[in-house]
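Trainee: I've got a model open and would like to learn how to read it. Could you walk me through a few features?

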Amino acid sequence: MLLSSSIFVFLFSILAGLIGSILGIGGGMIVIPILTLGMGVPIHIAIGAGLVSVITTSSGAAIAYVKDKISNIRLGMFLETATTMGAVTGAFIGALVSPKTLYIVFGLLMAYSAYTMFKKRKTELPKDVVEHPLAARLKLSSEYHDKLYGETIPYKVAGVYPAYGVMYIAGVLSGLLGIGSGSFKVLGMDIFMKLPMKVSSATSNFMMGVTAAASAGVYFARGDIDPLVAGPVGLGVLIGARVGTKVMERLKNKTVRYMFIPVLAYTAVEMLWKGWTLR
Amino acid sequence: MKTRNEIDNEVLISLSLKVGVYTSAIIVAIGLALFYSSGHSGYAPGVFPTSLYAVYLGLVVGKPAAIVSLGLYLLILTPVFRVAASVFLFFFEKDYLYTAITLFVLGILLFGLFFGAAF
């Protein structure tokens, strides 16, 4: 990697960290296409850098969100049992499933999610949520302090089983493709557990680093973590993520949702395109 | 309402993440600064250390890419440390259900780290 391109990688990584931390996605989905399509970096090196980006966004954002108590630690830890199991499974079955199939299935799911989110775009906070009995037993329902409204908002957690299933799949995809699959995690919490959007985004941020760490060690040993690519990505994303968390706390839940829909739609198209063109 | 213990717990997790992330970021920054100023990574183009031992060999002779790799490896370990810290915090909170849940997550993570290279 040339010196000038390494500096360019550093600069766009700041932007990726900013967007990633606001939306609760790892930035891998932003970094990987720019590295491969834009700069001709081999796909496995780009995925390695993507994982580093995921861990940095996650840790950088979690520092702020955990302290400000937007992320739900118990919920995150409980769902991490599913994502990490999924990540390990993904690493095991990686050789068995064709990436083409994966890309297309993933792309279709994302497109459907974008549509679902678009339908409920007017929702600011979930209403009349019936708490799942398991959620009560696991003390998942909680509250968060919303800086925009200056008040503490309590919430209940629904749909534990379908959300747990979605988390497992998110973990498998993470292990297979080296992404944080944050958008998938946010979806599971938003659609099934019916959490406030900001809580979903912050908790997804908190969880992603752990899921990515499970597969990052493998990539390091395989020689896919190139310091001259992953180094500037990690540093740039960290700077962006620190700024992003400050911005997100002051946004409306609706605004975060509005920003999320085009990203989801774009990712869906990109995934389907990749699946279509892959041999 | 949250107990005092729980609040301390969250601040501690946040602090442990902060230490891990900033330590690794500083190491990465030092390595990159050396690379940007000298224009050499210390390795042939496309070559870089891929094991802890190779990182160590590069570090003792001060190769910039090895310094960056050390920082990145610490970064990868940060979430693992965070989970390990949470095990103790839940335990001291006497929340045994969540001690078990967190211990399970840590177990899977360590399994992935140790057996990962075999895949």
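Mentor: Let's start with helix axes: these are lines fitted to C-alpha atoms, for helices over the stretch in contact, and angles run from 0 to 180 degrees between N-to-C directions. Helices here are DSSP runs (H or I, at least four residues), numbered from the N terminus. In this predicted model, the axes of helix 1 (residues 3–23) of chain A and helix 10 (residues 227–248) of chain A cross at roughly 35° and come within 6 Å.

Mentor: On bookkeeping, residues are numbered from 1 along each chain as its sequence is written, and chains are lettered from A in the order in which they are written. Since this is a predicted model, local features need pLDDT of at least 70, side-chain atom pairs count only at pLDDT 80 or more, and totals for chains, interfaces and linings use all residues.

Trainee: Is the crossing of helix 1 of chain A and helix 10 of chain A left-handed or right-handed?

Mentor: A crossing is left-handed if the near helix is turned anticlockwise from the far one by less than a right angle, and right-handed if clockwise. The crossing of these two chain A helices is right-handed.

Trainee: How many residues of chain B are in contact with chain A?

Mentor: Contact means that C-beta atoms, placed from the backbone, lie within 7 Å. By that rule, 45 residues of chain B meet 43 residues of chain A. Helix 1 (4–38), helix 3 (64–92) and helix 4 (96–115) of chain B each supply at least two residues of that side of chain B, and helix 1 of chain B gives the most, with 15 residues.

Trainee: What should I check along helix 3 of chain B?

Mentor: Try its length: the expected span is 1.5 Å times one less than the number of residues. Its 29 residues should span 42 Å, and the end C-alpha atoms are 42 Å apart, so the two agree. Then look for a bend, the angle between axes fitted to the seven residues ending at a residue and the seven starting there. Helix 3 of chain B bends by about 30° at B:Thr78, with a proline, B:Pro79, following within four residues. Just after this helix, B:Lys94 takes a positive phi of about 65°.

Definitions and conventions: Contact = placed C-beta atoms within 7 Å.
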